Amino acid sequence: MSAWLPTAPCTPEVCVEAPGRIAAVPRAVLRLTAVLLLLIAGIALTPFGWGSPRLRGRIPASLVRRWCRWIVRAAGVRVRITGAAAPTGGLLLVANHISWLDIPLLAAVRPARMLAKTEVRHWPVAGVLAARGGTLFIDRDRLRALPDTVARIAGALREGAAVAAFPEGSTWCGRAQGTFRRAVFQAALDAGVPVQPVRIGYRLSDGRATTAPAYVGDDTLLASLWRVATARGLIAEVEVRDPVPPSAGPDRRTLARAAQPPDTTAPAWTHTVLVA
């Protein structure tokens with residue numbers, strides 16, 4: 001990994017809490033089986049959906065959004081989406097990044113072509129779904145490839161597609177958050193499309209914020225999946241904020257700052273003490 005890449009101090013050992021209540025193992029297995037079946041169904045349907053501009057739209061966007069919510073719900077997580085509906089046409093969706101759950105949650109706001117690191121292509125099942133779904137992969141180890149990636153994103157936006165990205169460049173546990181990196185916002189400026197900020201957070205049924213769904217540091221995807229599936233009372237909160245027009249800032253730095261979600265409820269010093 002290149003030294004210039006953003007990294008988060010969060011680690012599973014320090015930042016990720018074990019859920020207070022644990023579901024029975026059979027229930028967790030059923031949940032993961034349901035998620036797997038939904039993913040397989042998605043792979044079978046991607047040639048008729050949003051992965052190809054020529055075929056995009058055969059599957060209604062409402063069904064895609066519903067399927068994404070089913071994925072999260074099958075894992076045992078309730079979903080609360082607030083705010084206005086995302087606009088149509090070319091749109092850059094950006095959100096903070098905590099968990100693998102963020103991906104279907106962001107697609108539940110509006111079906112979009114995801115921007116993801118190349119490693120995602122090799123994930124079991126989900127990697128195939130991402131590749132066939134039109135994901136734009138970025139090689140984060142090659143700084144020279146960044147301008148080409150920005151150009152490809154801008155091209156997709158000009159075609160009227162929505163592109164979803166996590167500009168922090170790394171997952172955070174939810175107690176703290178990273179700064180939005182500016183490169184992806186250049187694509188929105190070049191294409192002249194608005195930016196749709198989305199804030200994602202996770203709570204328990206009693207209202208307390210939780211880091212249980214976080215997928216950070218050297219955590220494995222399997223461990224994170226099992227942690228979510230065995231948890232009780234997880235709630236995903238998705239706040240769709242007002243779109244930011246490209247005219248809101250003269251440059252990508254200003255646009256990134258305008259789209260940055262507000263600070264988390266936990267004070268920054270708490271997270272600093274925990275990771276120390």
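This is a predicted model: local features need pLDDT of at least 70, side-chain atom pairs count only at pLDDT 80 or more; totals for chains, interfaces and linings use all residues.
Residues are numbered from 1 along each chain as its sequence is written, and side-chain values use heavy atoms, without hydrogens or water. Local features need pLDDT of at least 70, side-chain atom pairs count only at pLDDT 80 or more, and totals for chains, interfaces and linings use all residues.

Let's start with the helices (DSSP runs of H or I, at least four residues, numbered from the N terminus).

| Helix | Residues |
|---|---|
| α2 | 25-45 |
| α6 | 146-158 |
| α7 | 183-191 |
| α9 | 252-259 |

The axes of α7 and α9 (lines fitted to C-alpha atoms over the stretch in contact) come within 9 Å and cross at roughly 105°. The two helices are therefore roughly perpendicular, a term for angles of 65 to 115 degrees on a scale from 0 to 180 between N-to-C directions. In the contact (heavy atoms within 4.5 Å), α7 brings Ala183, Phe185, Gln186, Ala188 and Leu189, while α9 brings Arg252, Leu255, Ala256 and Ala259.

Now to the charges: the structure holds 5 salt bridges, each a side-chain nitrogen of Lys or Arg within 4 Å of a carboxyl oxygen of Asp or Glu. One of them joins Asp148 and Arg152 at 3.6 Å, N to O. Both residues sit in α6, 4 residues apart, about one turn of the helix.

Key: Angles under 35 degrees count as roughly parallel, over 145 as roughly antiparallel, 65 to 115 as roughly perpendicular and the rest as oblique.
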